[in-house]
Amino acid sequence: MPTAATSIYYALVVAWGASFYQFYLRDVFTTTLGLGRVVQDIGEFPYDCRRIVHPRLEACEDMWLDNEGRVLYAACAGTEARVNWCQAADKFNVSARRPGASELIALDIDEPGVEGMYNLRSIRPMGYTGAQGDGDDSFDLLGFDAEVLDGDTIQFYFVNERPPVGPFNNHIDASVVGINSTIDVFEMRRGEEVMRHLRTILSRAVHDPNRVAALGQGEFVVSNFHSAKTGWRKKLDFVIGGGSVAFCNVNGDCHTAVSGDEPDEILSANIDPQPLYKEYLNKALSVLPKTKLKLPNGLTRGFDNLIYVPSSVDGQIRVYAINSHSLLQQIDTVYTGMPLDNISPDARGDLYVAGFPDIRATVKGMADPTNLDVPSTILRIRKTVDLERKKVDYRVEKVLEDREGKIVSGATTVRHDVRTGRLWMGAAVHPYIMVCDPR
Ligand SMILES: *[C@@H]1O[C@H](CO)[C@@H](O)[C@H](O)[C@H]1NC(C)=O
Ligand SMILES: *[C@@H]1O[C@H](CO)[C@@H](O)[C@H](O)[C@H]1NC(C)=O
């Protein structure tokens with residue numbers, strides 16, 4: 001005879017099991033793996049797409065578009081380097097990097113030139129020293145953000161995956177200690193080909209940085225893709241959640257602002273939203289379940305000052321307000337149903353995000369990027385606010401998909417140019433960037 005306690009225990013296990021399947025496994029099959037998903041052919045979309053192939057446009061994980069200046073900036077590492085040096089993928093072969101490692105490339109998007117290379121040039125870092133013993137200005141770029149300060153000045157915030165160095169300025173084994181990632185801030189004047197180094201931020205709260213979202217006045221948030229630099233807990237992030245978002249102030253002091261490593265934490269309700277959202281926020285806070293972060297990828301700040309954090313596992317974009325303690329408080333969730341990479345606003349404030357419709361093909365293709373194409377999806381998320389009904393709505397629309405990755409392959413970032421309707425895309429590991437003209 002089971003005691004009352006054990007019956008309750010078994011009842012709970014059964015209930016837990018059922019809901020485990022419903023909310024967890026079902027999500028793994030349909031969202032993460034995309035079983036049964038209809039992935040469309042690129043020909044079904046009203047765009048003419050092409051790749052721009054150049055050794056210096058390889059493995060451009062992230063891009064930023066200066067809408068007024070008409071310049072696209074891309075952070076490019078080189079494909080051979082990326083498949084060997086990337087903490088997020090547990091690749092720690094430091095010697096496979098190119099001389100100088102990564103480059104920030106600038107392209108004049110309205111001036112293709114005779115060779116169709118858009119006046120391709122590098123923006124060289126000045127007053128900056130890379131990891132010791134590694135050449136002076138060696139850089140290891142991943143995600144980044146930029147801010148136009150006044151008419152002429154742009155500030156860049158880069159994730160920089162520095163090789164760790166030992167006491168004798170020697171490279172030490174990053175597979176043991178992890179990569180010594182920093183956030184590096186630079187400033188340049190529009191039209192120049194150099195950027196001046198302003199500061200380096202190194203913090204325990206920034207352990208696996210993926211992308212930065214600048215907040216103005218030198219503050220920023222940064223997503224940590226995993227819960228740790230290396231080790232077994234990191235491998236479980238995919239399943240049980242993990243990763244975090246850190247907040248850093250202008251002095252370079254950072255703290256964890258929201259984390260997926262611990263059970264749903266209760267954050268202070270002391271939030272100070274814009275008046276427009278006050279009622280909406282309060283309602284959202286009372287009804288929304290807090291869900292744990294799972295591999296938070298390329299986050300951004302929206303035109304509404306909220307922080308949008310896309311997940312590479314559950315396809316959710318968690319929407320956060322920053323409260324008066326500089327913590328992130330989740331106020332909404334946008335469900336896209338597909339693993340996501342970087343999300344970026346265009347000049348109108350619509351959000352564009354690169355998705356992985358077939359994650360198994362993505363994993364395979366990223367290991368062999370010169371031979372394998374990777375299916376890609378570009379989604380647009382448009383927010384509407386109905387003041388009268390106090391309703392906020394996010395509409396998710398597929399703007400482009402390439403089932404075979406024939407042209408748009410392995411895209412991890414997308415910038416929509418409102419003026420021409422063009423989509424510019426970069427790929428974290430594949431050896432080209434991509435551009436699509438509306439037909
Ligand atoms: C590391 O990269 C170098 C250069 O590409 C290569 O020769 C070497 O075999 C790689 N080592 C490992 C352990 O993969
Ligand atoms: C990490 O980078 C910082 C900033 O350059 C440097 O001061 C520190 O010595 C580095 N640590 C390791 C272990 O490489």
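**View 1. Asp 108 and its polar partners.** The side chains of Asp 108 and Asn 119 make a polar contact of 2.9 Å. A polar contact is a pair of N or O atoms within 3.5 Å; within protein, one must be able to donate a hydrogen and the other to accept it, and residues adjacent in sequence count only if both atoms are side-chain atoms. A second polar contact, of 3.0 Å, links the side chain of Asp 108 to that of Arg 121. Asp 108 sits in strand β6, residues 103–108. Strands (E, at least two residues) and helices (H or I, at least four) are DSSP runs, numbered from the N terminus. Asp 108 counts as buried because its relative accessibility is 13%. Buried means under 20% relative accessible area, exposed over 50%, and partly exposed in between, with a 1.4 Å probe and protein chains only. Tyr 118 is 10 residues from Asp 108 in sequence, and their C-alpha atoms are 5.1 Å apart. Leaving out residues up to four places away in sequence, Asp 108 touches Arg 70, Val 71, Tyr 118, Asn 119 and Arg 121. Contact here means heavy atoms within 4.5 Å.

**How to read the views.** This is a predicted model, in which local features need pLDDT of at least 70 and side-chain atom pairs count only at pLDDT 80 or more, while totals for chains, interfaces and linings use all residues. Residues are numbered from 1 along each chain as its sequence is written, chains are lettered from A and ligands numbered from 1 in the order in which they are written, and side-chain values use heavy atoms, with hydrogens and water left out.

**View 2. The whole chain.** The protein chain has six helices and 27 strands. Of its 439 residues, 55% are buried. Take the contacts between residues at least 6 apart in sequence: 60% of them join residues at least 24 apart. The accessible surface of the chain is about 19000 Å², and carbon and sulfur atoms hold 55% of it. Accessible areas come from the Shrake-Rupley method with a 1.4 Å probe; for residues, only the protein chains shown count as cover.

**View 3. Gln 155 in strand β10.** Strand β10 covers residues 153–162 and includes Gln 155. Is Gln 155 buried or exposed? It counts as buried, because its relative accessibility is 10%. The side chain of Gln 155 makes a polar contact of 2.8 Å with the side chain of Glu 187. Another polar contact, of 3.2 Å, joins the side chains of Gln 155 and Tyr 157. Not counting residues up to four places away in sequence, Gln 155 touches several others, among them Asp 145, Leu 149, Phe 186 and Leu 198.

**View 4. Aromatic rings.** Rings of Phe, Tyr and Trp (its six-membered ring) pair if their centres lie within 6.5 Å; planes under 30 degrees apart count as stacked, over 60 as edge-to-face and the rest as tilted. By this rule there are 14 aromatic pairs. One of them joins Phe 139 and Phe 186 edge-to-face, 5.5 Å from centre to centre and with 75° between the planes. This pair links distant parts of the chain: Phe 139 lies in the loop between β8 (124–126) and β9 (141–148), and Phe 186 lies 47 residues away in strand β11 (residues 180–189). Both Phe 139 and Phe 186 are buried. Phe 156 and Phe 158 form a stacked pair, because their planes meet at 15° and their ring centres are 5.5 Å apart. Phe 156 is buried at 0% relative accessibility, and Phe 158 is buried at 0% as well. Ring pairs join Trp 64, Tyr 73, Tyr 128, Phe 139, Phe 144, Phe 156, Phe 158 and Phe 186 into a cluster.

**View 5. Asp 140 in a loop.** Asp 140 lies in the loop between β8 and β9. Its relative accessibility is 7%, so Asp 140 counts as buried. Not counting residues up to four places away in sequence, Asp 140 touches residues including Trp 85, Arg 97, Val 159 and Arg 162.

**View 6. Around ligand 2.** Which residues surround ligand 2? They are Arg 162, Pro 164, Val 165, Asn 180 and Leu 202. A residue is near a molecule or strand if one of its heavy atoms lies within 4 Å of it. An N or O atom in the side chain of Asn 180 is 2.3 Å from an oxygen atom of ligand 2. A backbone N or O atom of Val 165 is 2.8 Å from a ligand 2 oxygen atom. The protein buries 55% of the 360 Å² that ligand 2 exposes when taken alone.
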